[in-house]
Amino acid sequence: MALEHAILVSLLEKPGSGYELARRFERSIGYFWTATHQQIYRVLKRMESEGVLAVREVPQQGRPDKKEYSVADPGRAALSRWLHEPIEPESLRHDLAVKIRGAAFDDPAALVDEVERHHRVHSDRLARYLAGELRDFTGPDAPAPLDTGQELQHVVLRGGIAYERMTIAWLDDVLATLRALGAPTGARGGPQDGRPGPSV
């Protein structure tokens, strides 16, 4: 998926300025696609010049007018084409998993601090996702019933929540394993003792 598609989806959900769009990427859209403010503004400018987005000036009291972006007909057509195209399932690249395997050739316990840091990051992210779910979908102030767009936003968020819970459970397992293996390399019959490791 290109950043353009994420921008089209967001602006179809609700038109907005570049600043407002960037804030969405820090919150809901950031659950599944990240981008810097600079990337967003650069792509917005190009999409405007290509006629994919429409722009109008919105007066603001006491402040300069803001540019509000919305999706033009060519943008809707581009998104529709993309929605009907097949996409490849994602391939996982996980630096931490490679580090964990590599710890067989060093001191496994030396990775504990790093894994704990990842655990904190994912725990914080899960807390944000759960707070967002309560605010936007399940709490007393959430709309009821949810419309189609909100239902689909919620199911994407639930995927993020499930992923973070799975990752935290795996990191708990990793930490327990590293601590149990706290002995120096080779003392527990790892690959360095001359026996081959599993071919996975």
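Which hand does the crossing of H1 and H4 have, left or right?

1. **H1 against H4: geometry.** The crossing of H1 and H4 is left-handed. This is a predicted model, and the points below describe it as such. H1 spans residues 3-13 and H4 spans residues 73-83. Their axes come within 10 Å and cross at roughly 120°.

2. **H1 against H4: residues.** From H1, the contact uses His5, Leu8, Val9 and Leu12. From H4, Gly75, Arg76, Leu79 and Trp82 take part. By class, the contact residues are five nonpolar, two polar and one charged.

3. **The two sides of H4.** Gly75, Leu79 and Trp82 are buried in H4. Viewed down the helix axis, the buried residues fall within an arc of 60°, so they line one face of H4. The face turned away from that buried side carries the exposed residues Asp73 and Arg81. The cover over the buried residues of H4 includes H1 and strand S2, residues 63-71.

4. **H1 against H3: geometry.** H1 also packs on H3. Here the axes come within 10 Å and cross at roughly 80°. That angle makes H1 roughly perpendicular to H3, because 65 to 115 degrees is the range for that label.

5. **H1 against H3: residues.** H1 supplies Leu3, Glu4, Ile7, Leu8 and Leu11 to the contact with H3. H3 supplies Gln39, Ile40, Val43, Leu44, Arg46 and Met47.

6. **The buried side of H2.** Which residues of H2 are buried? In this helix, residues 18-26, they are Gly18, Leu21, Ala22, Arg24 and Phe25. They cover an arc of only 155° around the axis, which puts them on the same side of H2. Note that Arg24 is in this buried set. The buried residues pack against H1, H3 (37-49) and S2. S2 is also part of what covers the buried residues of H4.

7. **H6 against H7.** H6 covers residues 112-138 and H7 covers residues 148-180. Their axes lie 9 Å apart, at an angle of about 155°. How are H6 and H7 oriented to each other? They are roughly antiparallel, because the angle is over 145 degrees. H6 passes H7 in a left-handed crossing. The contact residues divide into 14 nonpolar, 11 polar and eight charged.

8. **His154.** This residue sits in helix H7. Is His154 buried or exposed? Its relative accessibility is 8%, so His154 counts as buried; the cut-off for that label is under 20%. Setting aside neighbours within four places in sequence, His154 is in contact with Glu133, Phe137, Thr138 and Leu146.

9. **Asp113.** Asp113 lies in helix H6. Its relative accessible area is 57%, so Asp113 is exposed; that label needs over 50%. How far apart in space are Asp113 and Leu175? The C-alpha to C-alpha distance is 9.3 Å, while the two residues are 62 residues apart in sequence.

Methods
Residues are numbered from 1 along each chain as its sequence is written. This is a predicted model: local features need pLDDT of at least 70, side-chain atom pairs count only at pLDDT 80 or more; totals for chains, interfaces and linings use all residues. Side-chain values use heavy atoms; hydrogens and water are left out. Axes are lines fitted to C-alpha atoms, for helices over the stretch in contact, and angles run from 0 to 180 degrees between N-to-C directions. Helices (H or I, at least four residues) and strands (E, at least two) are DSSP runs, numbered from the N terminus. A crossing is left-handed if the near helix is turned anticlockwise from the far one by less than a right angle, and right-handed if clockwise. Contact means heavy atoms within 4.5 Å. Ala, Val, Leu, Ile, Met, Phe, Trp, Tyr, Cys and Pro count as nonpolar, Asp, Glu, Lys and Arg as charged, and the others, Gly among them, as polar. Buried means under 20% relative accessible area, exposed over 50%, partly exposed in between (1.4 Å probe, protein chains only). The arc is that of the directions from the helix axis to the C-beta atoms. Angles under 35 degrees count as roughly parallel, over 145 as roughly antiparallel, 65 to 115 as roughly perpendicular and the rest as oblique.
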